[in-house]
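Subject: Structure for your review

Hello,

Here is the structure we spoke about handing over. Please open it next to this message and read the notes below with it.

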Amino acid sequence: MSILERDFYNRPALDVARDLLGCRLVRRMDGQRLAGLILETEAYQGEEDLGCHAAAGKTPRTSVMYGPPGHAYVYFTYGMHWMLNAVTDQQDVPAAVLIRAIQPVEGEGLMALNRSTNAGQRGWTDGPAKLTQALAIDKSLNKVDLCSAADGLWIETGIPVPDSRVERSGRIGLNSVPEPWRSIPWRFNVSGGLND
DNA sequence: CGCCAGATCCACT
DNA sequence: GTGGATCTGGCGG
C-alpha cells in the first residue's frame with residue numbers, strides 16, 4: 001500500500017478528479033479495513049464555479065476548501081445524507097473532488113451491515129451518499145488529513161485507468177446552477193467498472 | 001422497469 | 001424561510 005501524498009492533491013480539482021479514478025479509498029473501523037476502488041468523481045473548482053459550494057464565499061462550512069490540499073470535506077445535504085470530498089489545489093484556492101462511487105474490494109461484509117438494503121454488492125456504494133453510509137463517514141471525519149492513516153480515512157494508489165476507459169459528462173444534481181457550470185463535463189467515471 | 005414523492009435538517013438569505 | 005453535489009419504496013404500465 002502507498003498513501004497518496006499531499007502533492008497529489010496540490011493541483012486543480014479537474015486533474016485530481018481524473019487521477020483519483022482507480023485509486024483505493026480506505027476506512028479503518030474497529031481495526032478492520034473497508035476499501036473500494038474509486039469509479040466516479042466530480043471536480044468543483046473555485047468561487048467562480050457556481051456549482052461549487054465556495055461560490056457562496058468563505059463560510060464556516062466551506063472554510064476547509066480554502067485550507068491546504070489533501071484533507072476531507074464532508075458535508076450534510078438533503079436532510080439525511082453525507083458527502084465525501086477531497087480538498088485539492090493550493091492554500092486559499094477553494095477546490096474539491098466529490099467521490100461519487102466505489103467498487104468494494106475489502107471489508108464487504110461490514111459495508112453490507114452499514115447499508116440497510118439487501119441489494120446486490122454493486123448497490124452498496126454506487127452513489128455518493130451510499131458509499132459514505134457503507135464506510136460510516138459523517139461529520140466526525142470532516143477536515144481529517146487524507147495523507148495520513150491516523151484518522152481512519154485515507155486514499156492509496158490503486159489500479160491505473162487508461163484514458164480509453166474514462167468517460168466524462170456534466171455533474172449530477174446541479175438542478176438550479178446556471179450554465180455553463182451545470183453542463184460543463186467535470187464528472188469522470190470508469191466505463192464498465194474495474195473487473196479486470 | 002420508470003416515475004415520483006417523502007424523508008429530514010443545516011447553512012445561508 | 002428556503003432549498004439542496006440524494007436515496008428509497010411504492011405505484012402504475
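Where is the place of P162? P162 is in the loop between β6 (153–156) and β7 (166–169). Please keep in mind that this is a predicted model. Because its relative accessible area is 43%, P162 counts as partly exposed.

Next, R115. R115 sits in a loop too, the one between α4 (108–114) and α5 (128–134). Its relative accessible area is 8%, and buried means under 20%, so R115 is buried. Leaving out residues up to four places away in sequence, R115 touches G123, W124, K130, Q133 and A134. With Q133 there is a polar contact from side chain to side chain, at 2.9 Å. H71 is 44 residues from R115 along the chain, and their C-alpha atoms are 25 Å apart.

On the core: the largest nonpolar core has 60 residues, and Y9, L20, L25, L153 and I155 have the most contacts inside it. Strand β5 (residues 95–106) gives this core its largest share, 7 residues. If neighbours within four places in sequence are set aside, the contacts of L153 include L25, V26, R27, A72, L84 and I137. L141, V144, D145, L146 and S148 are also among the contacts of L153.

On the aromatic rings: the count of aromatic pairs comes to 4. One of these is F8 with Y9, whose ring centres are 5.2 Å apart; the planes are at 80°, and over 60 degrees counts as edge-to-face, so this pair is edge-to-face. F8 and Y9 are both buried. R11 lies over the face of F8, 4.9 Å from the centre of the ring.

Last, the DNA. Which residues surround DNA strand B? They are T59, P60, R61, F76, Y78, G79 and M80. Sugar or phosphate accounts for 68% of the atoms of DNA strand B within 4 Å of the protein, and bases for the rest.

- Y78: a backbone N or O atom is 3.0 Å from a base oxygen of DNA strand B.
- G79: a backbone N or O atom is 3.4 Å from a sugar or linking oxygen of DNA strand B.

Regards

Notes: Residues are numbered from 1 along each chain as its sequence is written. Chains are lettered from A and ligands numbered from 1 in the order in which they are written. This is a predicted model: local features need pLDDT of at least 70, side-chain atom pairs count only at pLDDT 80 or more; totals for chains, interfaces and linings use all residues. Side-chain values use heavy atoms; hydrogens and water are left out. Rings of Phe, Tyr and Trp (its six-membered ring) pair if their centres lie within 6.5 Å; planes under 30 degrees apart count as stacked, over 60 as edge-to-face and the rest as tilted. Buried means under 20% relative accessible area, exposed over 50%, partly exposed in between (1.4 Å probe, protein chains only). A charge sits over a ring if NZ of Lys or CZ of Arg is within 6 Å of the ring centre and within 35 degrees of the ring normal. A nonpolar core is a set of buried Ala, Val, Leu, Ile, Met, Phe, Trp, Tyr and Cys residues joined through side-chain atoms within 4.5 Å. Helices (H or I, at least four residues) and strands (E, at least two) are DSSP runs, numbered from the N terminus. Contact means heavy atoms within 4.5 Å. A polar contact is a pair of N or O atoms within 3.5 Å; within protein, one must be able to donate a hydrogen and the other to accept it, and residues adjacent in sequence count only if both atoms are side-chain atoms. A residue is near a molecule or strand if one of its heavy atoms lies within 4 Å of it.
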